[in-house]
Amino acid sequence: MRGMLPRLQRWAEGRLPALTRYRRPESLPIELHRRRIYIVPSGFGLGFSVLLMVMLVGALNYANNAALLLTCLLGAATAASMLVAFRNLDGLRLRSVRAGHAVAGQPIELTLRFDSSRPRDAIRVDLEKNCIAFAVDADADASIELKLELATVHRGWQPLPRLRVWTSWPLGLFRAWSWLHPEQSVLVWPQAETNGPTPNAPADDARQMQLHRGDELAALREYRAGDPQRHIAWKASARHDHLLVKNFEQPQSRPQWQLDWRRLPELDAEARIARLARWLNEAHAARCSYSLWLPGEEIASSSGVLHYAYCMNALAQLP
Amino acid sequence: MNKTPPPKTLTPPIGTQAFDLLSLTMALVLGLHAFHLAWWFSAALAVTLGWRWWQRRQSSVRVPGWLKFPLLLLLTLAVLGQYGSIFGREPGTALAVGLLILKLLETETIRDVRVGVSFACFALMAALLFDQGLIATVVVALALLPALSTLRALEPAHKSASLPRTLLPALRLSAAALPLALLAFLLVPRLSSPLWGAPSPNQARTGLSDSMSPGNFTELLTDDHPAMRVTFDGAPPPPDKRYFRAYVMSYYDGRTWKYDDVVNLPPATLEVANGIRYQISLEPNHQHVLPMLDVPIGAPAGAKMRRDHVVMADKPVNDPQTYSARSATQYRLEPQLGQQHRRWLMLPVGFNPRTLALAAQWRQRHGNDPAAIVREALTLFHDGGFRYTLAPAPLGRNAVDDFLFETHEGFCEHYSSAFTVLMRAAGIPARVVTGYQGGYWNTFGNYLLVRNSDAHAWSEVWLPDRGWVRVDPTGAVRPERVALGAAAAAGSQLTWYRSDWMQAVRNHWDIVNRWWDQGVVGFDSLRQRGLLTPFGIRDTDTTTLGILLAISSMLFIAIGLGWALLRRQRRDPLLEAMRGLERKLSRAGIVRRTTEGPQHYLSRASRAMPVRRAQLIQLMDRYVNLRYAHNEPPAELLKAFRRAVREFRAPNVVK
């Protein structure tokens, strides 16, 4: 039974896309409404309706009206639970999907943001093999964030698969579901090679030394919006028309790496990407500054998380 | 196309809340069935249930598997030992309840709980096979709440709450389902004959029996269940005329009076001077006899009247039955006795010598005046130191002798029996009649409630020219018995719960029972067929019912869908007022463009209709102020704005 239904469903979707509303990707936000919520009795629901039939026939046969009333009550409550299941999904809105960072082969974390205007219970979201349940407590408009993991294989843009939002609330007798297929892709970073040569480190000479923010006062410069107030040189500013800001800088002691696509002619494209990715990782781990040259893009030397992500994104998007 | 298999249903151990609710459901099932199960059986199951609940709270260790089979065997043996079989209503139910409790022992996963809840629902229905009274039904319906709540508790990521709060949503769901349930109840076609053998309950409630020996009424007289309810066309007869005849007993063997069912003779002649019509709703008593107000003139459909005006139904009364009949209140029954004379004088030989002697003495004294002999006997009962009690001393072989001359205590059976023996010994044809006497007149419902405890026995003597005359010797001893009813006569001999005020409450409450019995329990295929009589359809057949059921279900589905699709839009009164203004302006030819903001739009409008310029500018300022100067528009300003919009009149001609 358990195996049959999904197989039947897959077959039906393959054969009759119109019937099962196999939907093309659509842009966010996606709101669930009556034309895209489907309800079928669950396995338990089928079993329970058989039980109800048995109770009905028994009550009728023994002409026991109290038992018949009870059976009718139970049956009506069952039917009402179907509407509750539908209402649990109706009006739910997928606002946005945010992706984290992951290299190919590792699961990427997706953050789904759902909006709801009323409280809901026991809604489950299936993404491939992962399933997560959530409830909305708030009475008024509320949004809720879910974190789900999506498996990745290759670097580059990976379209989001179909999500299934479903519920068997309140009694588990009916299963209401809807497919969400957001038209959105997540960028998967290339996987770094496990080992290889280090980049030919450029000479650690003074020319490569760069200033970065330190403790020593290097110069005064004009105030720019956003400068911290405590860096303003009040005394010096008093003698000028503008506010002056103390510029703290000190010589950088770390080397600067120049990572270049062109210096790896012996490798094919993917291997080059893998090596560059490893170098990027190493540079980032060593907290040194690095620049990256790629065909079509040249990234100036810098360091930090944002710079690392920028470089990795550029690598990931290579053809 | 998504080729990956769907996620497997995880089977984690169920939460404490679900298990607690399931245990509560099962405890309720057990409690409802405890009324008919053997006490030790219920106690053992209750202990098992309690132990399992405690055990799972303490640790999450499973109950060992090897324990299940011996317990199952033990259960089967216990049922076999108690009932001698595992088939049939009682043993089947006992087995089902036992299995349900044992199911709890192995309940660990969601699936187990679901099976348990389904089974519990079935067991709850089975409890109604034993008692389908109003209270039982309501209690069973309430027991559904923990069952439904258990199912809710299985769902992931729901809000957990305290127990009463957990039950509340299930109550709401049931309440919402009630209209549809009632409709289905009305319209589901009833079977006119059962599909398979309906059970014949062997544990019949003691009713009147076709034989009477002193002392066997005791059980009946302490049974408070309703026996029947009577409505009269017109005024009810006075309390001392409320005699309902069931059996007429002629044969006496010295200990027991028996009714002999004379089938082949026509009813004795009855000259009616005054009659009364009435309807009786009889509770099932699993007998053929239909009690009738003394003396019935004819038999209702499906029944026959015997020679002595005893009405026997063709089928035993296994379901509540309602019949209407007509009885004579002033009458002459069998004015000519004819050959039957000897039958009413027979007495067993060699019994009750002192009684016979007393009767002979009376006969000598009064000669041929039977009325005087009757008076003599009643005087004896009244003044002879007789006492009315429900727990009389036991009687020996010469029962009537012992009663008249030794013990002097007893209740209606003793008095009517002794009186009839005395009369026969004195040469007056006499017989014992059993049935009901009295009852509680429910003024609110205009009906007479007759309980089993109103069972009564009295005598009839045959007097020349007057026929059979009812004589109630119990009334001579304890007139309250006839005037006020059985409970008054019994006085303090009954248990506390039948004390006066309690009895009064129960009597008043009975109208609800009656309504329930008539409206719900007695709603059979016949009544269902007459359902649409007010709408001009005499006979509603199954097809019509099915169509009606389908149509009205559709109606309910539509209502339900309407509710499900209802989305409460947050009302924005300011926006609504603005829309009103837009409508007025667009009627005058100035339609708001989709890309146009309110300020722009209203400025354009004020340019287009110079006569309203000042007004429109003011409206615009107010709107912008209300919309953008506050988080929530202040109520007074909003009201003023709405009034201004209402009062705004667009000029007819727009340049």
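Predicted model: local features only at pLDDT ≥ 70, side-chain atom pairs only at ≥ 80, totals over all residues.
Local features require a pLDDT of at least 70 and side-chain atom pairs count only at pLDDT 80 or more, whereas totals for chains, interfaces and linings use all residues. Residues are numbered from 1 along each chain as its sequence is written, and chains are lettered from A and ligands numbered from 1 in the order in which they are written.

The contact between the chains draws 53 residues from chain A and 55 residues from chain B, two residues being in contact if their C-beta atoms, placed from the backbone, lie within 7 Å. On the side of chain A that touches chain B, two or more residues come from each of α1 (4–15), α2 (43–61), α3 (65–89), β5 (120–127) and β6 (130–136) of chain A, where helices (H or I, at least four residues) and strands (E, at least two) are DSSP runs numbered from the N terminus. The most is given by α3(A), with 19 residues. By class, this side of chain A comprises 32 nonpolar, eleven polar and ten charged residues (Ala, Val, Leu, Ile, Met, Phe, Trp, Tyr, Cys and Pro count as nonpolar, Asp, Glu, Lys and Arg as charged, and the others, Gly among them, as polar).

Also in chain A, A:Ala102 lies in the loop between β3 (93–99) and β4 (108–116). A:Ala102 counts as buried because it has 20 C-beta neighbours inside 10 Å, the cut-off for this class being 20 or more other C-beta atoms within 10 Å of its own. Apart from neighbours within four places in sequence, A:Ala102 is in contact with A:Pro107, A:Ile108, A:Thr152, A:Val188 and A:Trp189; of these, A:Thr152 is 50 residues away in sequence, with a C-alpha to C-alpha distance of 8.2 Å.

In chain B, three strands form an open antiparallel sheet in the order β1-β5-β4, strands being paired if DSSP finds at least two bridges between them. Strands β1 (211–212) and β4 (251–252) of chain B stand at the edges with a single partner strand each, so one side of each has no neighbour in the sheet. Two bridges join β4(B) to β5 (residues 257–258) of chain B, and B:Tyr251 has B:Lys258 as its bridge partner in β5(B).

Helices α21 (residues 613–628) and α22 (residues 635–647) of chain B pack at an angle of about 150°, with their axes 11 Å apart (axes are lines fitted to C-alpha atoms over the stretch in contact, and angles run from 0 to 180 degrees between N-to-C directions). The pair is therefore roughly antiparallel, a label given to angles over 145 degrees. Among the residues making this contact are B:Tyr623 of α21(B) and B:Phe641 of α22(B), and the contact residues divide into eight nonpolar, no polar and one charged.

Technical notes: Parallel < 35°, antiparallel > 145°, perpendicular 65-115°, else oblique. Buried ≥ 20, exposed ≤ 12 C-beta atoms within 10 Å, placed from the backbone.
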